[in-house]
Amino acid sequence: MNDPHKPLRDDVRLLGELLGDTLRTLEGESIYQIVEQVRATAKAARDGDEDAFRHLAEDLASLPLDAAVPVARAFAHFLNLANIAEQHHRIRRRREYQRDPQSQPQRGSCDDAFGRLIAAGIPADELYRAVASARVELVFTAHPTEVSRRTVVQKHNRIARALAEGDRTDLTIPETTARLALLRREIAGSWGTREIRIERPTPLDEVRSGLIVFEESLWTAVPGYLRAVDTALLRHTGRTLPSSATPLRFGSWIGGDRDGNPNVTPDVTRKACLYARWMAAHLYLRDIDLLRDELSIEHATPELVALAGGDREPYRRVLRDVRKRLTATLEWLDDAVQSDATPDPPAVIYLTPDDLVRTLTLCSASLQATGCGVIAEGRLADVLRRLATFGVTLAPLDIRQEAERHTQALDALTRAAGQGSYAEWDEDTRVAFLVEALADDVPRVPTLNTSDEIEDVLDTFRLIAATPAGSLGAYVITMTSQASDILAVEYLQRAAGVTTPLRVVPLFETSTDLENASAVLGRLLALDWYRARVNGRQEVMIGYSDSAKDAGRLAAGWALHKAQEEVVETCRTHGVAVTLFHGRGGSVGRGGGPTHLALMSQPPGSVDGTLRVTEQGEMIQALFGLPDIAQRTLEVYTTGTLEAWLTPAPAPPDAWRTRMDTLARTAKDAYRATVYDDPRFLDYFHAATPEAELTELNIGSRPARRRQGSSVGNLRAIPWQFAWTQTRLLLGAWLGVEAALSGAIARGERDELRRMYREWPHFQSAMQLIEMVLAKADARIAAEYDRRLVPEHLQPLGEELRARLASAISCVLDVTGHTELLEMNSVIRRSIDVRNPYVDPINLVQVELLRRVRSVNTGAGPTRDALMITINGIAAGMRNAG
């Protein structure tokens, strides 16, 4: 019997051998031998040899820095290479599905899902309308869990392409030799490249890095994805997808998210919009050049001939004019980026996609009318699909700011106008003032002598007014807690002279704000002015990160579920549809996890064909970094949305909801009793994790804390989860689960919990995600951090937490009926098992480096650089790290 995973093992072995050769050549035989000895000892330790683990920890602790760094780097590089091989193997398996005419469609593909929806009784016309009208938007964000440099990412992509080349069965001997040489060069080049940034990236650095995935992957993936949608629609409904329709689009926060990040200024946002337009124009120019080479055809419709001025090669003549306009667009964008303010756009440039779509549609219609439809359905159709998806702005940029900053700005305006202090008014007074002003004329923002922080907010609204339509998406309000928070942004847009206001999206993220979300929306939607403003659809963002840090993952998940139900019901009561915007992170502790599972576990009725989701940090490269992986991800988002919309799960029995209330309450109480109420916890957290060191490293542009202070409350959710991932305790994603489940089991509720797990998608999803976290956790590694770094009087707390981890594992196995974690997901189980012997040494090196950095006489640059390498390596091994 063929082993489907042998090619993956062969790729990993090959890459490991080439890395070993690189070590020998560039670092010397002695370092290579140390790495090999460490690897052998780590594997023995993983096989249950406690003496081997003790020796491993001692040996790595005693290494001098000049040996510890290449050892840590070697294991980090291997993990990155293993990640590349795994991603390529996913592509290989997908292609095997597509090659075999006897195989069933791949689960989650459009062909598979459309067939199952038809079989479930969804009429073909209804399915067609749903696909054509669906609107899913993936919003990319920059976050400090993404530790890889742009240069390194590009090298990794070239390695992936070389692995793909190796799957060809017709490679000649010279081609095989050349492929191996290329792999050697890229691995050697990666080894010689500094993984860490010398300086903290600026927001514009993050913008440029964020555009890589569009240029290198999504530009290719989107037409392939839409062809898959089109083919599946034709097969199951007999109709094709219109070229102007696309179920999926993209947005961005990179360069627009100023919440707690003073580095994101109005000028940064202006340039972020220009960079995105530049990339789109650059990519379209490349497409047009290829089309001009292809469309040398003479026969055309009279309309196209007239547009070409009677030229004998009408398509090329028309496309030459398009090329001139794209070139002019790029020149204007170059000038704008170099200027302090964006100059007025000349009429010749493509400021909107309308003219470009019109011209290319005319070319397509001409080809169809003259018998060349097969040509129209090739590259030209792909460009039209790209225009439907990306427009000329690539990914509209959201603006995000904290509610309190708007309150401060409005307070400055009302004081300047002699109207009193807006900040001191109660909620009723604020709402009355804002509604009265919005129903009439809002005075323009005057010139104020105020603080830099307030001027920054006002300048941001002036920027919105000056930005061409299409570049900006929504205005997201962090820490929304009352109706006036939303109305304040509407007021400030009007006051700044914004002629086409951005849609305003409240973000509810703390557990208290989630509980109050429906009441806030109810008050807004009761206002005639506001109902007219939203025009039948309200967008609401729910935040997974802060709610999980506030209440623990289990309680936060249930609070989010109920908040969505209540928001949907409130909007339905007022005759308004709702688009939910899910602020998911990469880690399970911040709402991450498998896409299809997450979509199918949404509350019935909460997905109506529209959906927005953030994709953050390292997950962007993992899910979209290669065209074939990206196409698969886009299909899964599409099919998951359609299934959740058209065939929602039935509502759970009231008894299950009551039990879930109890589980959530118990989990939250246990979580907060430790994280917020135990006086030992904060000191333990600072000692046992690299949280303090993370804030000093050059990972992302945004500060790790919203405000000054060392409390957990001030810490952002991302470094909170990231720090626990580094130590392998992953506490933020499971703490409280053990108390909730063990209590229920003690009350004799095991059988009912198992039934909930089998039959209720929400509970099943919660348990499966926690099970995945527990499979990645490692108490033995976490204990080493305690042993070497934590003061003796705090070590009992670490012992308690590790005992609770063991209890959580036991309870989850009991509820799921599994004998081992992830026994129903052999792919992830195998991936974790392969990685553990390579992550363990990096953890042990990190423990020693942390000890040295924190010692009285140490902490110089080289040691901190080495620490960054270990952080990078552990993130690579743990995958969805923060």
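Which residues does Asp778 touch, not counting residues up to four places away in sequence? Asp778 touches Arg46 and Arg728, where contact means heavy atoms within 4.5 Å. Asp778 is found in the loop between helix 33 (761-776) and helix 34 (779-789). Helices are DSSP runs of H or I with at least four residues, strands are runs of E with at least two, and both are numbered from the N terminus.

This is a predicted model, in which local features need pLDDT of at least 70, side-chain atom pairs count only at pLDDT 80 or more, and totals for chains, interfaces and linings use all residues. Residues are numbered from 1 along each chain as its sequence is written, and side-chain values use heavy atoms, with hydrogens and water left out.

**Overall form**

The protein contains 37 helices and eight strands. Its radius of gyration is 28 Å, close to the 29 Å that the globule rule gives for 882 residues, so the protein is as compact as a globular protein of that length. The radius is taken over C-alpha atoms, and the rule is 2.2 Å times the number of residues to the power 0.38. Along the principal axes, the C-alpha atoms fill a box of roughly 85 × 80 × 60 Å.

Of the 882 residues, 59% count as buried. Buried means under 20% relative accessible area, exposed over 50%, and partly exposed in between, with a 1.4 Å probe and protein chains only. The protein exposes about 34300 Å², and carbon and sulfur atoms supply 50% of that area; the areas come from the Shrake-Rupley method with a 1.4 Å probe. Among contacts with a separation of 6 or more, 82% are between residues 24 or more positions apart.

The protein has 104 positive and 119 negative side chains, and the centres of the two sets lie 3 Å apart. Lys and Arg count as positive and Asp and Glu as negative, while His and the chain ends are not counted. Each charge is placed at NZ of Lys, CZ of Arg, CG of Asp or CD of Glu.

Helix 4 (residues 65-99) holds Asn80. The 35 residues of helix 4 should span 51 Å at 1.5 Å a residue, and its end C-alpha atoms are 51 Å apart, which agrees. The expected span is 1.5 Å times one less than the number of residues.

Helix 25 (residues 627-646) has 20 residues and reaches 28 Å from its first C-alpha to its last, close to the 28 Å expected. Helix 25 is mostly covered, with 17 of its 20 residues buried.

| Residue | Relative accessibility | Class |
|---|---|---|
| Asn80 | 17% | buried |
| Asn535 | 67% | exposed |
| Asp778 | 8% | buried |
| Val348 | 40% | partly exposed |

Leaving aside neighbours within four places in sequence, Asn80 is in contact with His156 and Ala876.

Asn535 lies in the loop between helix 20 (528-534) and strand 6 (537-543). Asn535 and Ala439 are 96 residues apart in sequence and 16 Å apart in space, C-alpha to C-alpha.

Val348 is placed in the loop between helix 12 (314-338) and helix 13 (354-369). Not counting residues up to four places away in sequence, Val348 touches Arg325 and Ala328. Val348 and Arg54 are 294 residues apart along the chain, and their C-alpha atoms are separated by 70 Å.
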